[in-house]
Amino acid sequence: MAAEEHGTTAGEYIGHHLTHLRSHEQTSVADFSVINYDTLFWSILLGIVGLYVMWRVAKAVTSGVPGRLQAAVEILLEMVDNQAKAIVHNAHSRKFVGPLALTVFIWIFLMNSMDFLPLDVIPRVWAAIYGAAGHDPHHAYMRVVPTADLSATLGMSIAVLLICLFYNIKIKGLAGWGHELISAPFGSAKITGNPLSWLLFLLMSVANFAMQMVEFFAKTLSHGMRLFGNMYAGELVFMLIALMGAAGFGSATGITLWLGHVIAGTAWAIFHILIVLLQAFIFMMLTLVYVGQAHDAH
C-alpha cells in the first residue's frame, strides 16, 4: 500500500513492506518457530516455474537452428558444465553436482528477479484479498523477494553444507574424513613412546578440529549472508526511491522528487539487473567450490 494513500510516514511504509506474512511474531533474534509463509510460497512457486520452463525447453529441443530460449539455455548449460568440470574433477560426482549448480542458478535468478516487479502491486492485491476476507488490510503483509529473507538464503547454504558433508564421507570415507578433521590445517604430531608426544597430538587434534568447525560455520554463514545482504539492500533502495515519488505534484519540490524517482528508479533497475545475475552466479560458483573442496584431501 502506498504511503500517500494511508497517510503513513516513510518509516511506517518501509516497515510495512519489510514485514513478512508469518505464523506469529518473532520473540527473539533467532526464533526457529516462526514460519514466513510469503517466502515459502514465492520460493516454491518460482522453483516450480523454473522446473517447468526447463522441462518445456528439454521437450522441445531440436538439433536444427534453436530458438532464442533454447539457445539461452544451451549457453547457460555449457557455462555451468565448464565451471563444474574445472572445479569438481570427479566425473561421477558431476552427474549430480552439475544439474545442482544449474538448478541453483536458475532458481536464485528467478527469486532475485521478483525485485523488478513494481513495489506495491502484489502487496496491494494481497491487501484487497485480505480485506475482502474480513481482515484489516493495513495488516496485510507480503514480501515477494525470497532471497531478501535470511531464513531462505541460510536454508539454501545449509543444504549446500549437508551436500559437502555427504561428499566428504563418500569420497574420503568416514575414517579418512575423521582423520582430516584432526590433522588439517596445522598438521598432526607423531605419537611416540614419549608422553609429551601424546599431549602434543591431543592439542594439535583439538586445534585442527576447532578450525575445521570454524571453517564449515564461516563458509555456510557467509554463503547465505552474502546473497541476503545484497538482495535486502536492493529491496530497501527500491523502497526509498518509491518514497520519492510519493511527494505528489503540489509543489516544485514534489515535481522534482517525482522526476528524481523516475530517473533513480530507472537507473537502479538497470544496475540491479547486474546484481540479480551476479548474485545468482556467485551463489552457484560457491556451491561448486565448496563441493569441490569436499573432494580434495588435505
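## Helices α2 and α8

In this predicted model, helix α2, which covers residues 10–17, and helix α8 have axes that come within 11 Å of each other and cross at roughly 140°. The crossing by which α2 passes α8 is right-handed. On the α2 side the contact is made by Ala10, Tyr13, Ile14 and His17, while α8 contributes Leu236, Met239, Leu240, Ala242 and Leu243. Sorted by class, the residues of this contact comprise eight nonpolar and one polar, with no charged residue among them.

## Helices α7 and α8

Helix α8, which spans residues 195–244, also packs with helix α7, which spans residues 150–183, and here the angle is about 155° and the axes lie 8 Å apart. Because angles over 145 degrees count as roughly antiparallel, α7 is roughly antiparallel to α8. The crossing of α7 and α8 is right-handed, and the contact of α7 with α8 contains 19 nonpolar residues, 10 polar residues and one charged residue.

The loop between α7 and α8 is where Pro185 is found. The peptide bond that joins Ala184 and Pro185 is cis, with an omega of about 10°.

## Helices α3 and α5

Another packed pair is formed by helix α3, made of residues 37–59, and helix α5, made of residues 91–113, with an angle of about 125° and a distance of 9 Å between their axes. This angle makes α3 oblique to α5, and the crossing of α3 and α5 is right-handed.

The contact is made by Ser43, Leu46, Gly47, Gly50 and Met54 from α3, together with Leu102, Ile106, Trp107, Leu110 and Met111 from α5. By class, the residues in the contact of α3 with α5 are divided into seven nonpolar and three polar, with no charged residue.

## A salt bridge in helix α4

The structure holds five salt bridges, and one is the pair Asp81 and Lys85, whose side chains meet with 3.2 Å from N to O. Asp81 and Lys85 both belong to helix α4, which runs over residues 68–87, and because the two residues are four apart in this helix, about one helical turn separates them.

## Confidence in the model

Averaged over the chain, the pLDDT is 92, and 97% of the residues score at least 70. Over residues 1–6, however, the pLDDT is below 50, although this stretch has 20 contacts in the model beyond its near neighbours in sequence. Where pLDDT is low, the predicted coordinates should not be read in detail.

Technical notes. Residues numbered from 1 in each chain as written. Predicted model: local features only at pLDDT ≥ 70, side-chain atom pairs only at ≥ 80, totals over all residues. Heavy atoms only, no water. Axes fitted to C-alpha atoms, helices over the stretch in contact; angles between N-to-C directions. Parallel < 35°, antiparallel > 145°, perpendicular 65-115°, else oblique. Left-handed = near helix turned anticlockwise from the far one by under 90°. Nonpolar A, V, L, I, M, F, W, Y, C, P; charged D, E, K, R; others polar. pLDDT = per-residue confidence, 0-100. Contact = heavy atoms within 4.5 Å. Salt bridge = Lys/Arg side-chain N within 4 Å of Asp/Glu carboxyl O.
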